[in-house]
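Reader: Please present the model, and let us then work through its contacts by question and answer.

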Amino acid sequence: MESHEHRLLLTDAAIAHVKKIRERENLADRGLRVSVMPGGCSGFSYKLDFDDGPGPEDVVLEMDGLRVYVENAILQQLEGTTIDYVSELQGASFRFSNPNATGTCGCGTSFSA
């Protein structure tokens, strides 16, 4: 079985915040789905959501007890991406650092490839 662990990384802060939201929303049995959708300022946008389980085309990653589901078809777009959770004076948000993005917008959730 091929390892996909190096393709997508959630920082400790991102994992902790996802777990906190999952607990608050009573979704302890759900995994995190990471998606790329058409749209946004730069052509594509990232989407994070909770999901009951993996689909037939999903790769399942395990990170500190958190199951992460990613469609195999978009895994290449996310190669080397790090998802962080940052809390600043202006607010808190998930930040995506994607080395494959040829451009990003100021909101940090939209990119072009």
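Reader: How far apart are N and O where the side chains of Arg-33 and Asp-51 meet in a salt bridge?
Author: The structure shown is a predicted model. A salt bridge requires a side-chain nitrogen of Lys or Arg within 4 Å of a carboxyl oxygen of Asp or Glu. The side chains of Arg-33 and Asp-51 meet this condition, with an N to O distance of 2.6 Å.

Reader: Why does the pair of Arg-33 and Asp-51 tie together parts of the chain, and how many residues apart are they in sequence?
Author: Arg-33 belongs to strand β2 (residues 31–38), whereas Asp-51 belongs to strand β3 (residues 44–51). The pair therefore ties together parts whose separation in sequence is 18 residues.

Reader: Which class of accessibility, buried or partly exposed, applies to Asp-51?
Author: Buried means under 20% relative accessible area, and exposed means over 50%. Arg-33, at 14% relative accessibility, counts as buried. Asp-51 has 22% relative accessibility, so Asp-51 counts as partly exposed.

Reader: What is the bridge partner of Arg-33 in β5?
Author: Strands β2 and β5 run parallel and are joined by two bridges. In β5, the partner of Arg-33 is Tyr-69.

Reader: Which residue of β5 does Asp-58 stand opposite?
Author: The pairing of β4 with β5 is antiparallel and extends over six bridges. Within β5, the residue opposite Asp-58 is Glu-71.

Reader: How far apart in space are Val-60 and Arg-33, C-alpha to C-alpha?
Author: Val-60 is placed in strand β4 and is partly exposed, with a relative accessible area of 39%. Not counting residues up to four places away in sequence, Val-60 touches Pro-54, Val-68 and Tyr-69. From Val-60 to Arg-33 there are 27 residues in sequence, and their C-alpha to C-alpha distance is 9.5 Å.

Reader: What angle does the direction of helix α1 make with that of β6?
Author: An open sheet of three strands has the order β1-β6-β7, with mixed pairing. Its edge strands, β1 (8–10) and β7 (91–97), each pair on one side only. Neighbouring strands of this sheet are turned by 20° against each other on average, direction ignored. Helix α1 (residues 12–24) packs on the sheet and touches β1, β6 and β7, and its direction makes with that of β6 an angle of about 70°.

Reader: Which residue of β6 is the bridge partner of Leu-10?
Author: β1 pairs with strand β6 (residues 81–88) in the parallel sense, over three bridges. The partner of Leu-10 in β6 is Ile-83.

Reader: Which element of the chain has the lowest mean pLDDT?
Author: The chain has a mean pLDDT of 84, and 81% of its residues reach 70 or more. Over residues 107–113 the pLDDT is below 50, although this stretch has 34 contacts in the model beyond near neighbours in sequence. Among the elements, the highest mean pLDDT is that of α1, at 97, and the lowest, at 43, is that of strand β9 (residues 110–112).

Reader: What share of the residues of the chain count as buried?
Author: The secondary structure comes to one helix and nine strands. The accessible surface of the chain is about 6,600 Å², with 49% belonging to carbon and sulfur atoms. Of the 113 residues, the share that count as buried is 38%.

Note on methods
Residues numbered from 1 in each chain as written. Predicted model: local features only at pLDDT ≥ 70, side-chain atom pairs only at ≥ 80, totals over all residues. Heavy atoms only, no water. Pairing = 2+ DSSP bridges. Helix = DSSP H or I, 4+ residues; strand = E, 2+ residues; numbered from the N terminus. Axes fitted to C-alpha atoms, helices over the stretch in contact; angles between N-to-C directions. Contact = heavy atoms within 4.5 Å. pLDDT = per-residue confidence, 0-100. Buried < 20%, exposed > 50% of the residue type's maximum accessible area, 1.4 Å probe, protein only. Areas by Shrake-Rupley, 256 points an atom, 1.4 Å probe, with all protein chains shown as cover.
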